[in-house]
Amino acid sequence: MAPIQVAALHGLGVPQDRLERLASASGLSVWQARGGAGGTRSRPSRPADPAGRVVVVVDSASPEELRAGLDKPFTALVESVGLTEGDLVATLVHAAGYDLYVSLTTVTANRLELANRIATAIAHRHPMAEARREDMELALHEATTNAVIHGNLGMDSMKGLSITALDRFSRDLTARLTDPAFAKRRLEVSVGIDQGGATVEVADQGSGFSAKPSGSGGASGRGLELIAAIAQSYEILDGGRRIRMRFAL
Amino acid sequence: MEYAIDIREQEAVVRLRGRLTFNDHAKLRALIQEMLQNKAKRQVLDLSNLEFVDSAGIGMLLIAREEMTNIDKQFVLRGAQGQVKRVLSVAQLGKIISIEE
C-alpha cells in the first residue's frame with residue numbers, strides 16, 4: 001500500500017512537546033530534515049516527502065530564519081503570536097492545503113519583503129524569465145502594500161502632491177506600525193500553482209475599502225493599475241479585504 | 001533606498017540606489033529638502049542603480065517634481081532600466097515628468 005502523503009510541521013522557536021501537540025492536533029507529521037540528526041526522542045517519524053508540504057509554525061525567529069521560511073522544502077509560514085491554540089491549529093490545517101501560504105502580523109510581513117519571498121518561491125516551483133518574476137513580485141508587492149497600509153493600518157492614500165501630504169503619511173505610518181492594535185492585525189497570502197499559472201490571494205483584517213477610480217496626477221492610486229497591467233485578471237472580494245490575482249505562467 | 005547628491009553650479013545630480021518603496025518615505029522627504037535647498041536650477045535623478053520602484057515610489061517622485069516646479073526648478077529622471085523603466089512606462093509618467101535615457 002502506497003504511503004499516505006501527509007504534510008509535515010516544522011517549528012521555529014517552538015518547544016518539542018508543543019510542536020508534537022500541534023502536529024498531532026493538525027493531522028501533520030513532525031518534519032525531519034532528510035539526512036539530518038533527527039529528533040531527540042526515539043519515536044519514529046515519517047521522513048519528509050520531497051513532493052510534500054512543510055508548514056513552518058513560528059513562536060520566535062530571527063530575520064534570517066523568517067527570510068528562509070518559504071525556501072524549499074518549506075511551503076507555509078504561520079506566526080503563532082496572538083492566536084489561541086485552537087485558531088492556530090485551524091490555520092495550520094488551512095496552510096497545508098496550499099502550494100504556498102503565509103499568515104503573518106503586519107509588522108513581520110513588512111520587515112520580510114514578503115512579495116520578493118513569494119515571487120521567488122513561485123519561480124522555484126514554476127521556472128520563468130527574470131523579467132516575468134520581477135513583474136509578478138511588483139503585483140504581489142502592490143497587493144500586500146494595499147493590505148498593510150489601507151487594510152490593516154487603516155490609512156488613506158496621500159491626498160495631493162505636496163510635502164505636506166508626504167509628511168502626514170510618514171507620521172501616520174510610523175505611528176500605526178508601532179500601535180499594537182494595528183500592528184498585530186494579520187496579512188494572509190495563499191498560492192495555488194497549476195499547469196497554466198498561479199492564483200494568489202492576499203487578505204487583510206481591515207475594515208474593507210471600495211476601489212476608487214485611479215485619478216490622473218495624484219500621488220496615490222496606481223497600485224491596482226499596475227496589478228491590472230501585470231496579472232491576467234484580478235477580483236476584489238470580502239468587501240475589499242481580499243484580492244485574488246491570476247498570473248499566467 | 002540610498003542616495004548621493006552631487007551639486008554643481010547649473011545642475012544637481014542625485015544617484016538613487018537599491019529599492020524605492022513606501023517604506024522610504026522619510027528618506028524621500030530628506031532628499032526633497034536637499035533638492036529644494038541647493039542652488040542649481042536643474043535637478044536630475046539618476047535611476048540607473050535603482051532596482052525596484054512601487055506605486056508609492058512613483059507618487060513620491062511626482063511630489064518631488066511638483067515641489068521643484070513650484071520654485072521654478074527643472075526636474076528630470078534619467079537612466080531608468082529594467083523593472084523601473086517598465087513601471088515608469090506603465091504609469092505613463094513620461095507625460096508628466098521629463099524622462100531621459
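With five residues, α6(A) gives the most to the lining of the second largest pocket. Before going further: this is a predicted model, where local features need pLDDT of at least 70, side-chain atom pairs count only at pLDDT 80 or more, and totals for chains, interfaces and linings use all residues. Residues are numbered from 1 along each chain as its sequence is written, chains are lettered from A and ligands numbered from 1 in the order written, and side-chain values use heavy atoms, without hydrogens and water.

That pocket (on a 1 Å grid over the protein atoms alone, an open set of points with protein on both sides within 12 Å along at least five of seven lines; lining residues have an atom within 4 Å of a point) holds about 390 Å³ of space. Its lining counts 21 residues, and closest to the centre sit Ala109(A), Asn110(A), Arg111(A), Glu113(A) and Asn23(B). In chain A, α4 (106-111), α5 (114-125) and α6 each bring at least two lining residues; helices here are DSSP runs of H or I, at least four residues, and strands are runs of E, at least two.

One cavity of 30 Å³ or more turns up in the whole structure; a cavity is a set of points where a 1.4 Å probe fits but cannot get out. Among its 16 lining residues, Asn146(A), Ala147(A), Asp204(A), Phe209(A) and Gly240(A) lie nearest the centre. Two or more residues each come from α6 (130-152), β7 (197-204), α9 (223-230) and β9 (242-248) of chain A, with α6(A) giving the largest share, five.

| Space | Volume |
|---|---|
| Largest cavity | about 160 Å³ |
| Second largest pocket | about 390 Å³ |

Technical notes:
Points joined across faces, edges and corners; volume = space filled by probe spheres on them.
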